Amino acid sequence: QTLQRVSLLVSPLNMSRAVLQVFEQYQKARVTFVQTVADLSTRPQNVEALQNADVMSLLRPLLLDNVPSIQQSAALALGRLANYNDDLAEAVVGNGILPQLVYSLSEKNRFYKKAAAFVLRAVAKHSPQLAQAVVDSGALDALVGCLEEFDPSVKEAAAWALGYIARHNGELAQTVVDAGAVPLLVLCVQEPELTLKRISACALSDISKHSPELAQAVVDAGAVAYLAPLIQSVDGKLKR
């Protein structure tokens with residue numbers, strides 16, 4: 001009888017361990033997969049094979065994974081792939097990935113926000129049509145919100161994405177202005193981090209270059225008073 005009682009106690013415990021082990025193995029497999037894909041995405045010779053394997057549709061559900069590191073790696077892999085060419089960027093749009101990224105921009109931690117903003121920039125850079133797809137996904141409000149984050153690297157990622165949207169034409173630049181980006185970009189220019197200054201100044205340039213009206217919007221936000229002294233900077237890229 002004593003042995004029977006012990007076996008009754010041990011069996012459920014062993015079963016729960018067995019169940020837990022299955023989930024642990026599943027998580028490890030997801031981590032290995034997404035980190036490997038993110039690494040493979042850094043090398044151009046792997047891109048075609050990844051595309052043929054329909055990697056976008058496999059990465060998409062991992063953006064909603066309950067493990068933050070898996071979410072971040074999935075976004076990083078998507079950004080690296082979309083960065084290569086417009087076909088891959090269009091695949092990101094076609095797989096319905098942009099709305100997921102935009103939703104997550106307001107929900108997730110700073111590491112994920114940086115990765116998500118990177119994907120939006122990688123898609124937007126290729127053409128006015130792809131930049132418009134980013135705008136249509138609702139990304140502007142989320143990116144502008146990221147300009148108010150405490151972390152400078154999140155601000156950088158958002159400013160970079162906004163600049164890539166605005167640079168294509170006056171209509172897209174106007175949507176960035178209408179989203180309220182300019183005053184926040186001017187604040188970013190005043191931050192101490194050199195990279196943030198540089199990227200924010202570039203974004204303001206990408207907005208203002210299209211028309212006198214857009215240039216005036218940047219002037220009206222008080223940008224000139226903070227940009228003019230930067231001409232004396234020792235950093236050549238910031239001077240430009």
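Arg 43 counts as partly exposed at 31% relative accessibility, where partly exposed lies between buried (under 20% relative accessible area) and exposed (over 50%), computed with a 1.4 Å probe and protein chains only. Arg 43 forms a salt bridge with Asp 39, their closest N and O atoms being 3.3 Å apart, and Asp 39 is likewise classed as partly exposed, at 40% relative accessibility. A salt bridge here is a side-chain nitrogen of Lys or Arg within 4 Å of a carboxyl oxygen of Asp or Glu.

This is a predicted model, in which local features need pLDDT of at least 70 and side-chain atom pairs count only at pLDDT 80 or more, while totals for chains, interfaces and linings use all residues. Residues are numbered from 1 along each chain as its sequence is written, and side-chain values use heavy atoms, with hydrogens and water left out.

**Confidence and overall make-up**

- The protein chain averages a pLDDT of 88, and 90% of the residues score at least 70; pLDDT is the predictor's confidence in each residue, from 0 to 100.
- Over residues 2-6 the pLDDT stays under 50, and the model has 0 contacts beyond four places in sequence for them, a contact being heavy atoms within 4.5 Å.
- The secondary structure comes to 16 helices and 0 strands, taken as DSSP runs numbered from the N terminus (helices H or I, at least four residues; strands E, at least two).
- Of the 240 residues of the protein chain, 44% count as buried, and among contacts with a separation of 6 or more, 69% are between residues 24 or more positions apart.

**Salt bridges**

- The structure holds 7 salt bridges, and in general side chains of opposite charge can pair when their charged atoms come close.
- Arg 110 forms a salt bridge with Asp 151, with the closest N and O atoms 2.7 Å apart; this pair links distant parts of the chain, since Arg 110 is in helix α7 and Asp 151 in the loop between α9 (139-146) and α10 (152-166), 41 residues apart.
- Within that pair, Arg 110 is partly exposed, with a relative accessible area of 40%, whereas Asp 151 counts as buried at 13% relative accessibility.
- Lys 155 and Glu 191 meet through their side chains in a salt bridge (3.0 Å, N to O); because Lys 155 lies in helix α10 and Glu 191 in the loop between α12 (181-189) and α13 (194-208), the pair ties together parts that are 36 residues apart in sequence.
- Lys 155 counts as buried at 10% relative accessibility, and Glu 191 counts as partly exposed at 24%.
- Salt bridges that share partners also join Arg 167, Asp 206 and Lys 209 into one network.

**Nonpolar core**

- The largest nonpolar core has 76 residues, of which Leu 59, Val 92, Val 123, Leu 143, Ile 165 and Ile 207 touch the most other members; helix α7 (residues 110-124) gives the most to this core, with 9 residues.
- Such a core is a set of buried Ala, Val, Leu, Ile, Met, Phe, Trp, Tyr and Cys residues joined through side-chain atoms within 4.5 Å.
- Leaving aside residues up to four places away in sequence, Leu 59 touches Phe 33, Val 34, Val 37, Ala 74, Ala 77, Leu 78 and Leu 81.

**Surface**

- The protein chain exposes about 12,500 Å², of which carbon and sulfur atoms supply 56%; accessible areas come from the Shrake-Rupley method with a 1.4 Å probe, and for residues only the protein chains shown count as cover.
- Phe 23, found in helix α1 (residues 2-40), is exposed, with a relative accessible area of 55%.
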